[in-house]
Amino acid sequence: MTQQAQTATLGGGCFWCLEAIYQQVKGVTSVVSGYAGGSVENPDYKSVCTGATGHAEVVRITFDPAVIGYADLLHIFWRIHDPTTLNRQGGDVGTQYRSIILYHDESQRGAAEVSKTETDASDLWSDPIVTEIEPLREFYEAEAYHHDYYRNNPRQPYCFMVIDPKVDKFRKSFQHMMS
């Protein structure tokens, strides 16, 4: 019997980076860039970039739990961005680039808390993890030009200077989880 698809919503800096990686994960059927965690309805990229809406750039990941579990998605999450820097990932600075897990139910909340505690106690990062864990209230899909950004814009400087190294690191470390 096939399990029903599940959804995870994660933010770890620029959504283009997370999208590029999670699109390669076995069992992930969809990755959509968007905005969540803020107070303004129907935000757009320009307003989110000001930091005034309170939204973070996030990805909504649809996955087959028979192939990959939520805990596995979190395991990847902790390793593809720096969860110890407050409101920044590399040169991207602002609350819209914060590290955040937006849970869909109590099971995800519990798994996220355990995963964060275990990762923080490990030697993966020398500084404390500052990732927020909050309930998902609303997800707003990003504008169409953000979708499949890395695939559609491989020659853009941001893609080859920022995303390429992250994708290469992911491929080396998680080859067994790639589709």
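User: Is R98 buried or exposed?

Analyst: R98 is buried, at a relative accessible area of 6%. Bear in mind that this is a predicted model.

User: What does the R98 side chain pair with?

Analyst: The R98 side chain forms a salt bridge with that of E132, at 3.1 Å from N to O. R98 sits in the loop between β5 (92-93) and β6 (99-103), while E132 belongs to strand β7 (residues 132-135), so the bridge ties together parts 34 residues apart in sequence.

User: And E132, buried or partly exposed?

Analyst: E132 is partly exposed, with a relative accessible area of 26%.

User: How many salt bridges does the structure hold?

Analyst: Four. Among them is the one between D148 and R151, where the closest N and O atoms are 3.8 Å apart. The cut-off is 4 Å, so that pair still counts. D148 is partly exposed at 28% relative accessibility, and R151 is exposed at 51%.

User: Which residue does R109 bridge to?

Analyst: R109 pairs with E106, with 2.7 Å between the closest N and O atoms. Both are in helix α4 (residues 106-121), three residues apart, which puts about one helical turn between them. R109 is partly exposed, at 31% relative accessibility.

User: Let's switch to α4 itself. How many residues does it have, and what is its reach?

Analyst: α4 has 16 residues and spans 23 Å from first C-alpha to last, close to the 22 Å expected at 1.5 Å a residue.

User: Which of its residues are buried?

Analyst: Q108, A112, S115, K116 and T119 are buried in α4. Viewed down the helix axis, the buried residues fall within an arc of 100 degrees, so they line one face of α4.

User: What do the buried residues pack against?

Analyst: They pack against β1 (6-12), α3 (70-80), β6 and β7. β7 is also the strand that holds E132, the partner of R98.

User: Which exposed residues are on the face turned away from the buried side?

Analyst: S107, T117, E118 and A121 are the exposed residues carried by that face of α4.

User: One more. What does the D105 side chain reach at the start of α4?

Analyst: A side-chain oxygen of D105 comes to within 3.1 Å of the backbone nitrogen of S107. S107 is one of the exposed residues on the face turned away from the buried side.

Terms used. Residues numbered from 1 in each chain as written. Predicted model: local features only at pLDDT ≥ 70, side-chain atom pairs only at ≥ 80, totals over all residues. Heavy atoms only, no water. Helix = DSSP H or I, 4+ residues; strand = E, 2+ residues; numbered from the N terminus. Buried < 20%, exposed > 50% of the residue type's maximum accessible area, 1.4 Å probe, protein only. Expected span 1.5 Å × (residues − 1). Arc of directions from axis to C-beta. Contact = heavy atoms within 4.5 Å. Polar contact = N/O pair within 3.5 Å; in protein donor to acceptor, adjacent residues only side chain to side chain.
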